[in-house]
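Please read the following points with the sequence and the structure side by side.

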Amino acid sequence: MKNTESGKIFDVDGFFASVINRDPNLRRIPEYDAVGEFEGIQAVTFDSIEYNGKKTKVFAYMAFPDGADESTPGIVLIHGGGGHAFLPWVKMWRGRGYSVIAPDTVGNMPIDINAGCTESNGDWARKLHGVFEEDGYIPSPDNDGMSTYNLDVDRRWLTHITAHCILSFTALAQSGYADKNKIGITGISWGGVAVSYYIGFDSRPAFAIPIYGSGYLNESLAWMGERFSHPETLKYFRAEDRFAKVKMPVMWLCWNDDFCFSINSNSKSYLDTAPNNPLTTLSIVDCMCHSHNFAWIRPESEAFANSIVKGGDALQSFTSLPNGKSPVCTYAYSKEVRARLYYITDELEYSMHEKHGMNNTFLNPVWQSVPLNAENGTITGDIPCDACGYYIEIKNEDGVIITTPYIKTER
């Protein structure tokens, strides 16, 4: 790959392979360990890749469940835009029995204890201060919204956050409190974008859960599509170019009316990766909404992770997909499920308008749904005659939703 400023050839695959072999130089920062309801969550930093010839330092929270050892499953938590390392998210996964690391991916350092206790918490500064200051180091770069396509590849934010994913995984694997073969990764929104890209370079995660974000973002019908449309971005940062290398199970979790992403991108990402692993799945959720909190409270993430690394029950899965003429398809699950068909009566198109109490780029048509019959591993029913496209949802007894990809009707 070619750097746009220097004319050098930039070997992205080789570059990230070298990052996988780096020591993250993890350091405890006990002055910023969490207290109160978040007691036991440790503050740490690690070294990431250089920016403008200087080392970058990344802040993260780490936590381990009681009795954690080298057999404990783990997870890397990658926040989204406007976010930071979230204490409630770390606490949640620690309470589920996972060793956890949650890096800040935009150069933030806490300026008070318990920074990141809420989504809107402002106790952060984009600078190295106090105990974080060190000669030769700077904070990692801020999220550039994919606007830095004129810069060298190693100076763009998506390159840096990918390195953060790699080094966070390594730090957790080296901690002595996680099984390196049972560590997964999840990311929300821009974090989901990063995880979708990252998994094409690093085969170590036991599972991945990109939430909202996915591959095929230049085809997104919401505003994210424009961010990934520049030729230099398409040349270097198409996650789908490496989906053939993604062998770990992936859960693509998303909202059917997202104002940032659109389900055609999630559906294509699922269809590309599903042949590589029988446990890969798609979950398109109605009325999910878009935020860190709405993402991490969904039951799908924990159920999926537990099924992979904690011996949890296997999730329901589709064993055949419907065609555009009939919803008939088959599924596998040992218990009863409820099935619904979600459909729209106009094309899958977006525009700026008022919806869900806000003005943003939303889907023009409104999702409608009808129940389907689910019995003995087969789903039957009818597609409404005015449907332009649809997907099928199967929900289990715990409220976990698994879906087909979006399918256009054949009239």
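1. Serine 189 is buried, at 9% relative accessible area, because that value falls under the 20% limit for a buried residue. This residue belongs to the loop that joins strand E9 (183-188) to helix H4 (190-198). The model is predicted, and in it the phi angle of serine 189 is near 60 degrees, a positive value in a residue other than glycine.

2. Histidine 356 also deserves attention: its phi is positive, about 55 degrees, although it is not a glycine. The residue lies in the loop between strand E16 (350-355) and strand E17 (358-363).

3. The largest nonpolar core comprises 134 residues, and Tyr61 and Ile379 have the most contacts inside it. Helix H3 (residues 157-173) contributes the most to this core, namely 10 residues. As general background, nonpolar side chains tend to be buried together in soluble globular proteins.

4. Which residues does isoleucine 379 touch, leaving aside those up to four places away in sequence? Among them are Phe318, Pro327, Val328, Cys329, Tyr331 and Ala339. Leu372, Asn373, Ala374, Ile392 and Ile394 are also touched by isoleucine 379.

5. Helix H3 is mostly covered, with 16 of its 17 residues buried. The length of H3 can be checked as well: at 1.5 Å a residue, its 17 residues should span 24 Å. The C-alpha atoms at the ends of H3 are 24 Å apart, which agrees with that expectation.

Definitions and conventions: Residues are numbered from 1 along each chain as its sequence is written. This is a predicted model: local features need pLDDT of at least 70, side-chain atom pairs count only at pLDDT 80 or more; totals for chains, interfaces and linings use all residues. Side-chain values use heavy atoms; hydrogens and water are left out. A nonpolar core is a set of buried Ala, Val, Leu, Ile, Met, Phe, Trp, Tyr and Cys residues joined through side-chain atoms within 4.5 Å. Buried means under 20% relative accessible area, exposed over 50%, partly exposed in between (1.4 Å probe, protein chains only). Helices (H or I, at least four residues) and strands (E, at least two) are DSSP runs, numbered from the N terminus. Contact means heavy atoms within 4.5 Å. The expected span of a helix is 1.5 Å times one less than its number of residues.
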